[in-house]
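Open the model in your viewer and keep the selection panel at hand. The tour goes stop by stop, with what to select and what to look for.

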Amino acid sequence: MPELSRRRALTTAAALATAAGVPSALAPSARAAGAAGHRHGSPADFDEVYRGRRIRGTSSAAGGHHHHGPGYAVFVDDVELHVMRNADGSWISVVSHYDPVPTPRAAARAAVDELQGAPLLPLPSN
Amino acid sequence: MTVRKNQASLTAEEKRRFVAALLELKRSGRYDEFVTTHNAFIMSDTDHGERTGHRSPSFLPWHRRFLLEFERALQSVDASVALPYWDWSSDGSGAWARSSLWASDFLGGSGRSRDGRVTDGPFAAATGNWPITVGVDGRTYLRRALGAGGRTLPTPAEVESVLSMSTYDMPPWNSASDGFRNHLEGWRGVNLHNRVHVWVGGHMATGASPNDPVFWLHHAYVDKLWAEWQRRHPGSGYLPAAGTPDVVDLHETMRPWHDMSPADLLDHTPHYTFDA
């Protein structure tokens, strides 16, 4: 599957970047690899407490294990939330899948609203 | 022959048998396999990667095949059952409480405000018959928030505006596309299908949306709109025809069944007809 191999390449590039001490955003080679699939650069990292829960977003792909990750991982209380970027740059998550919002932070906040305090279950690891 | 009827015209006996068949599929574990399949496709269909069930031309034939599979499962329990459809455009978004769909002898009503829990009808958690086991969080009760936040369902005029689009789908064959499929799916324009998921809320707004039985009635109507579109545009066919990376072309078989292509599913009449 081409998608899998591209993601593996992205993840490897990100891991190399991390090892080389490149902060936060993906290394240029990884960003170029991602540009074939995603028109926009990776959004900014965030880390905040929203309605009593810690929400965090990071472009470090090594931190997540998405099925088809955008090279960006979102966490609610340290459990990964499956998010996806649409072609127009908007975002959705698996708990609010039919309602695009402008940023991954907005997707994380929408998830917290939807969860009403319930813990997320870890993503299946297949 | 299976005849899919408007849910609003079902008799009490038809509702009772449909509900009983749903509960039996749930009890046997077969229901949750459908939820799992849908969620897996939701999470893996991406705009710039392989895409089959959603955000792609095969959204319509994939869901037609998925509903056929589900309807056959229902019929293995009770051969008299057919999937009803929910015409949300004529059901009145502001007046859902008066709709027979959400009455306690059919799907039950909205969730209570505190936690979204559906508390009446055959699928309320208190019955013990509808445990939610496939989802992204640990809540085991069916949730809804019908029309929350003042959201509205698509109007007949909005449906009409989408049915009038003569091209089935267009490059880039994803959520950014112009054309009938993506406007019906709702990633672009007046937003039909997606908006209904959001309007129902609760599980219907998530990737595990088939946890709510209204999923099938919603998609049976989306499927009927595809048939209506074909009737209006007899010269327009499924696109793309061939050779499109990551996208299901007309004659390519679809995962997870690998036994039918979009071409095999364009005509619903070998499988079922509609009441009108």
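Which residues in helix 1 of chain B meet helix 3 of chain B? Select B:Phe18, B:Ala21, B:Leu22, B:Glu24 and B:Leu25 in helix 1. Contact here means heavy atoms within 4.5 Å.

Before moving on, note the ground rules. This is a predicted model: local features need pLDDT of at least 70, side-chain atom pairs count only at pLDDT 80 or more, and totals for chains, interfaces and linings use all residues. Residues are numbered from 1 along each chain as its sequence is written, chains are lettered from A and ligands numbered from 1 in the order in which they are written, and side-chain values use heavy atoms, with hydrogens and water left out.

**Stop 1: helices 1 and 3 of chain B**

Show helix 1 (residues 12-28) with helix 3 of chain B; their axes come within 9 Å and cross at roughly 100°. That makes helix 1 of chain B roughly perpendicular to helix 3 of chain B. Helices are DSSP runs (H or I, at least four residues), numbered from the N terminus. Axes are lines fitted to C-alpha atoms over the stretch in contact, and angles run from 0 to 180 degrees between N-to-C directions. Angles of 65 to 115 degrees count as roughly perpendicular, and those over 145 as roughly antiparallel.

By class, this contact of helix 1 with helix 3 of chain B has eight nonpolar, no polar and one charged residues. Nonpolar covers Ala, Val, Leu, Ile, Met, Phe, Trp, Tyr, Cys and Pro; charged covers Asp, Glu, Lys and Arg; the others, Gly among them, are polar.

**Stop 2: helices 2 and 3 of chain B**

Pick out the contact residues, including B:Phe34 and B:Phe41 of helix 2 and B:Trp62 and B:Phe66 of helix 3. The contact divides into seven nonpolar, four polar and two charged residues.

**Stop 3: helices 6 and 7 of chain B**

Go to helix 6 (residues 193-200) and helix 7 (residues 214-232) of chain B, whose axes come within 11 Å and cross at roughly 160°. That makes helix 6 of chain B roughly antiparallel to helix 7 of chain B. Color B:His193, B:Val196, B:His197 and B:Val200 in helix 6. They meet B:Val214, B:Phe215, B:His218, B:His219 and B:Val222 in helix 7. Here the classes are five nonpolar, four polar and no charged residues.

**Stop 4**

Most residues other than glycine have a negative phi, and most peptide bonds are trans. Zoom to B:Pro171 and B:Pro172: a cis peptide bond joins them, with omega about 10°. B:Pro172 is in the loop between helix 4 (156-163) and helix 5 (180-185) of chain B. Next, select B:Leu239 and B:Pro240; the bond between them is cis too, with omega near 5°. In chain A, A:Gln116 has a positive phi of about 50° although it is not a glycine. A:Gln116 lies in the segment after helix 3 (104-115) of chain A.

**Stop 5: where the chains meet**

Show both chains. The contact takes 38 residues from chain B and 29 residues from chain A. They bury about 2,500 Å² between them, 57% of it on carbon and sulfur atoms. Buried area is the accessible area (1.4 Å probe) lost on being put together, summed over both parts.

Methods
Helices (H or I, at least four residues) and strands (E, at least two) are DSSP runs, numbered from the N terminus. Angles under 35 degrees count as roughly parallel, over 145 as roughly antiparallel, 65 to 115 as roughly perpendicular and the rest as oblique. Buried area is the accessible area (1.4 Å probe) that two parts lose on being put together, summed over both.
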